[in-house]
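Please look over the sequence and the model shown here before reading the notes on individual strands and side chains.

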Amino acid sequence: MSHGHSHGGGGCGCGAERADEPERGLEYGLYRKIDLHKLQCLNESREGSGKLVFKAWEERADRSRFVESDDDEELLFNIPFTGNVKLKGIILIGEDSDAHPSEMRLFKNIPHMDFDDVGREPDQVFSLNIDTTGELEYPTKISRFSNVSHLSLHISKNFGAENSRIYYIGLRGEWTEARRHEVTICNYESAANPADHKVKQITPQSHFIS
C-alpha cells in the first residue's frame with residue numbers, strides 16, 4: 001500500500017516521522033510565551049491579522065490565516081514576551097511568489113518601535129529564501145539574543161511585489177520567568193534605612209557631651 005510519499009532506504013519509518021513532529025512542535029512553542037494582547041503589527045492590511053501567523057507548528061500550513069502588508073512591502077512586528085527568552089532560530093513561511101519577504105531585520109528590547117525607528121542598526125539581519133513549508137531555519141546569534149523580553153521583527157523587502165504576505169513565523173528558543181529584582185531591592189532598603197538614620201542622629205551628639 002502506498003503512503004503517498006517516499007521514505008527511502010527500505011521500510012516505512014512512519015512511526016519515527018510522527019515522533020519527530022511533536023518534538024519539532026515543542027521546539028517552536030515560543031508562540032505560547034508571546035503576550036498576544038500587546039503584540040503589534042504595523043502596516044498590516046487587515047487589523048489584527050499580524051497575530052495570526054504566530055501559531056502552532058502543526059498549523060503552519062494553514063493558508064486561511066495570514067498577514068499581508070498594506071501600503072508597501074514592509075511589515076513591522078512588535079512582539080512582547082511574558083518572560084525572558086533565549087532566541088535560537090526563526091522560520092518564516094510565505095508564498096511561492098514575489099510577495100515572499102526577502103529580508104528580515106531583528107531588534108531586541110525596543111518596545112513600541114515604529115517605522116521611524118527602523119533606520120537604527122539592527123541586532124541581526126537575514127537574507128531570506130522562498131520557503132513555503134517551513135524547511136529553512138535562520139539561526140540567531142545566541143549571545144546577542146540570550147535575554148530578550150521584546151522582539152521587533154522588520155520585514156524590509158520582498159522579491160519585487162507591491163505587498164508582502166506571510167503565513168507563519170516560528171520562534172525557537174528557551175523561556176524563563178522574568179525576575180522581579182526591584183521588589184527585592186525595595187525590601188532590603190526599607191529594612192536597612194531606619195537603622196542607618198538612627199546611628200547618624202545619635203553618634204554626633206555623643207561626641208559633644210562634656
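## Confidence in the model

This is a predicted model, and the protein chain has an average pLDDT of 83, with 75% of the residues scoring at least 70. Over residues 183-191 the pLDDT falls below 50, and this stretch has one contact in the model beyond near neighbours in sequence. Residues 197-210 also have a pLDDT below 50, again with one contact beyond near neighbours in sequence.

## Strand E4 and its partners

Strand E4, which covers residues 101-108, is mostly covered, with seven of its eight residues buried. Seven bridges connect E4 to strand E7 (residues 148-158), and the two run antiparallel; within this pairing, Leu-106 has Leu-153 of E7 as its bridge partner.

E4 also pairs with strand E5 (residues 124-127), here too in the antiparallel sense, through four bridges. In that pairing the bridge partner of Arg-105 is Val-125 of E5.

Leaving out residues up to four places away in sequence, Met-104 touches Ile-90, Leu-92, Gln-124, Val-125, Phe-126, Leu-128, Tyr-138, Leu-153, His-154 and Ile-155. Among these, Val-125 is the residue that bridges to Arg-105, and Leu-153 is the residue that bridges to Leu-106. The C-alpha atoms of Met-104 and Asn-158 are separated by 9.4 Å, although the two residues are 54 residues apart along the chain.

## Ser-152 within E7

Ser-152 is found in strand E7, and its relative accessible area of 0% places this residue among the buried ones. Which side chain is joined to that of Ser-152 by a polar contact? The partner is Asn-78, and the contact is 2.8 Å.

Apart from neighbours within four places in sequence, Ser-152 is in contact with Phe-77, Asn-78, Arg-105, Leu-106, Phe-107, Ile-110 and Met-113.

## Aromatic pairs and charges over a ring

How many aromatic pairs does the model hold? The count comes to five. One of them joins Phe-54 and Phe-77 in an edge-to-face arrangement, at 5.7 Å centre to centre and with 85° between the planes. Because Phe-54 lies in the loop between strand E1 (40-42) and strand E2 (67-68), while Phe-77 lies in strand E3 (residues 75-94), the pair ties together parts that are 23 residues apart in sequence.

Elsewhere, Tyr-28, Trp-57 and Tyr-168 form one aromatic cluster. The ring of Phe-66 has the charged end of Arg-46 over it, 5.6 Å from the ring centre, and the charged end of Arg-165 also sits over the ring of Phe-66, 4.0 Å from its centre.

Definitions and conventions:
Residues are numbered from 1 along each chain as its sequence is written. This is a predicted model: local features need pLDDT of at least 70, side-chain atom pairs count only at pLDDT 80 or more; totals for chains, interfaces and linings use all residues. Side-chain values use heavy atoms; hydrogens and water are left out. Buried means under 20% relative accessible area, exposed over 50%, partly exposed in between (1.4 Å probe, protein chains only). Two strands pair if DSSP finds at least two bridges between them. pLDDT is the predictor's confidence in each residue, from 0 to 100. Contact means heavy atoms within 4.5 Å. A polar contact is a pair of N or O atoms within 3.5 Å; within protein, one must be able to donate a hydrogen and the other to accept it, and residues adjacent in sequence count only if both atoms are side-chain atoms. Rings of Phe, Tyr and Trp (its six-membered ring) pair if their centres lie within 6.5 Å; planes under 30 degrees apart count as stacked, over 60 as edge-to-face and the rest as tilted. A charge sits over a ring if NZ of Lys or CZ of Arg is within 6 Å of the ring centre and within 35 degrees of the ring normal.
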